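Please walk through this protein from its overall architecture down to a few individual residues, keeping the sequence and the model side by side.

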Amino acid sequence: MNKYILLLSCSCLLGFLSCKTKKYTPTELSETRIQFGNGGGFVGAQNAYLLLDNGQLFQHDIRQDSMQALEPVRRKTCKTLFKTLEEMDDSKMGIDQPGNRYFYIEYITPEKQIKTTWGSNGVQVDSLLKATYLQLMEQVAKK
């Protein structure tokens, strides 16, 4: 009887361990990620962030070429953000129209990499893309 309890306990423990999400480091990132941020203006500063498909969020300091981990994004929110960009028509992305002050989202998977940069006067960006950008920046503001 004790052998069965021990075997059942070990099976449950292995089951829990195998479901654990992989943690990435700044030197080893997921192949699927969203890079986003903004920059420009009088000072020319740039704010850059990376959201990985497991919810990990990093702030990228471009000047010092370093990354700092932020609080992770909730799993449901993360899935929604990735799904939105995955399902978005590529023709609505791929814009390269930065202005003095610019904003960007880059969606990267093993199959594709597409970047949208906007900020120039008169450039129209898809409203869903803008909403996704604002939602991404909202995640950073919470951290």
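**From the fold to single residues**

The protein has three helices and seven strands, where helices (H or I, at least four residues) and strands (E, at least two) are DSSP runs numbered from the N terminus. Read along the sequence, these elements follow the pattern α-β-β-β-β-α-β-β-β-α. This is a predicted model, in which local features need pLDDT of at least 70 and side-chain atom pairs count only at pLDDT 80 or more, while totals for chains, interfaces and linings use all residues. Residues are numbered from 1 along each chain as its sequence is written, and side-chain values use heavy atoms, with hydrogens and water left out.

Of the 143 residues in the protein, 36% are buried, a term that means under 20% relative accessible area, with exposed meaning over 50% and partly exposed in between (1.4 Å probe, protein chains only). The protein exposes about 9500 Å², of which carbon and sulfur atoms supply 52%; accessible areas come from the Shrake-Rupley method with a 1.4 Å probe, and for residues only the protein chains shown count as cover. Among contacts (heavy atoms within 4.5 Å) with a separation of 6 or more, 49% join residues 24 or more positions apart.

Ala-48 lies in strand β2 (residues 45-52) and counts as buried because its relative accessibility is 4%. Leaving aside residues up to four places away in sequence, Ala-48 touches Phe-36, Gly-37, Phe-58, Gln-59, His-60, Ile-62 and Tyr-104. The C-alpha atoms of Ala-48 and His-60 are separated by 5.2 Å, although these residues are twelve apart along the chain.

Loops also hold residues of either kind. Thr-32, in the loop between α1 (2-18) and β1 (33-40), is buried, since its relative accessible area is 17%. Beyond residues up to four places away in sequence, Thr-32 touches Leu-52, Asp-53, Phe-82, Ile-108, Thr-109 and Pro-110.

Asp-65, by contrast, sits in the loop between β3 (57-61) and β4 (66-70) and counts as exposed because its relative accessibility is 62%. What is the phi of Asp-65? Phi of Asp-65 is near 50 degrees, a positive value in a residue other than glycine. Most residues other than glycine have a negative phi.
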